[in-house]
Every structure is written in C-alpha cells, then in structure tokens.
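Please look over the sequence and the structure shown here before reading the notes.

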Amino acid sequence: MAFDPGVAWAFLAVGAGTQVGALMLLRRPIRLMRAGGSANGVVVDSEKSMEPGHGASSAFFFDVVEFATREGRSIRVTSEVGRRVARAKGSRVRILYDPDQPHEAELATFPALWLFPVVLSAFGMPFLLAGLAALL
C-alpha cells in the first residue's frame, strides 16, 4: 500500500512536530535537575479541580506543598500535575527546584516531570515512522 506523498508529508510533519513538542516539554524537568535544588516538602493542602458536568469521577487534586530552600526561605507551590486521589496532608514529598526561581518547583515524581513528554513522544512516533517509511 502506497501513501499519497501529501499524506506522507503530513504524517512526517505531525510526527516531527510532536517530537519537537516533547523536547520542549523536557526543558523544565532537565532545568530543575541541573539546577540542583532539592528539598523535602510537606503536603499542606490539595486544590480540587473538576471538569464541568462530569461529576466526581473527573476530579483531580493538585498538591500544595511547602518546603524550605537551602537558605531557609519557606516556599509554597502547587503541583502542575493533578492526581485522582488527594495526598494526605502532612505527607512528605521530594521537591526539585531552581535556587534562582524556587517558586517554579515541582514534585520529583515521574508523572510530574516526565509523563507529558513521554506520552507526546509516544503518540507522535508512529506518525513520524510512517511518514519516513512512506517517503523512503
């Protein structure tokens, strides 16, 4: 089965675009890891977010975590990645932060750091491969 060249180029464009997007999403976790700021934080609250009209099953909880920088400054951040179940208040979590921008900290968990880039890359890889295969 041969692809129309226009379709092949479209697949290639979608695949390449998703890989570039995944690389862009990787910048933040890599920057946080390279900056070297790491601390143990404490979950002090959870912010609940729900999709309108979808009921309780669509609720996500975003951890609000407080931690102290190396200099002793107390910082409170809200995770950018939600969970279906709220963490218990008082739970200890590891935080990565940039000492120059501690308010941009994030939980040091796989979903918070790597899930979006991995999913985007996995979604786009078949398009990239199909486009390349059709053009070669």
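Buried means under 20% relative accessible area, exposed means over 50%, and partly exposed lies in between (1.4 Å probe, protein chains only). The model is a predicted one: local features need pLDDT of at least 70, side-chain atom pairs count only at pLDDT 80 or more, and totals for chains, interfaces and linings use all residues. Residues are numbered from 1 along each chain as its sequence is written, and side-chain values use heavy atoms, with hydrogens and water left out. Helices (H or I, at least four residues) and strands (E, at least two) are DSSP runs numbered from the N terminus.

**The sheet**

- An open sheet is formed by 5 strands in the order β3-β2-β1-β4-β5, with antiparallel pairing; two strands pair if DSSP finds at least two bridges between them.
- The edges are taken by β3 (74-78) and β5 (101-107), each with a single partner strand, so one side of each has no neighbour in the sheet.
- From one strand to the next the twist averages 40°, where axes are lines fitted to C-alpha atoms (for helices over the stretch in contact) and angles run from 0 to 180 degrees between N-to-C directions.
- Strand β1 (residues 37-49) pairs with strand β2 (residues 60-68) in the antiparallel sense over 7 bridges.
- Within that pairing, Val-42 has Glu-66 of β2 as its bridge partner, and Glu-47 stands opposite Phe-62 in β2.
- β1 and β4 also run antiparallel and are joined by 6 bridges; Ala-39 has Ile-95 in β4 as its bridge partner.

**Helix α2**

- Helix α2 (residues 110-135) has 26 residues, which at 1.5 Å a residue should span 38 Å; its end C-alpha atoms are 36 Å apart, which agrees. The expected span is 1.5 Å times one less than the number of residues.
- At Gly-124, α2 bends by about 30°, and the proline Pro-126 follows within four residues. The bend at a residue is the angle between axes fitted to the seven residues ending there and the seven starting there.
- The buried residues of α2 are Ala-112, Leu-113, Pro-117, Gly-124, Leu-128 and Gly-131.
- These buried residues pack against α1 (5-35), β4 (92-98) and β5; contact means heavy atoms within 4.5 Å.

**Gln-19**

- Gln-19 is found in helix α1 and is buried, with a relative accessible area of 16%.
- Apart from neighbours within four places in sequence, Gln-19 is in contact with Leu-120, Ser-121, Gly-124, Met-125 and Leu-128.

**Aromatic pairs**

- The whole structure holds 3 aromatic pairs. Rings of Phe, Tyr and Trp (its six-membered ring) pair if their centres lie within 6.5 Å; planes under 30 degrees apart count as stacked, over 60 as edge-to-face and the rest as tilted.
- Phe-11 and Phe-127 have ring centres 5.2 Å apart and planes at 55°, so this pair is tilted.
- Phe-11 lies in helix α1 and Phe-127 in helix α2, so the pair ties together parts that are 116 residues apart in sequence.
- Phe-11 is partly exposed, with a relative accessible area of 26%, and Phe-127 counts as partly exposed at 26% relative accessibility.
- Phe-67 and Tyr-97 have ring centres 5.1 Å apart and planes at 40°, so this pair is tilted.
- Phe-67 lies in strand β2 and Tyr-97 in strand β4, so the pair ties together parts that are 30 residues apart in sequence.
- Phe-67 is buried, with a relative accessible area of 3%, and Tyr-97 counts as buried at 1%.
- One aromatic cluster is formed by Phe-11, Phe-123 and Phe-127.
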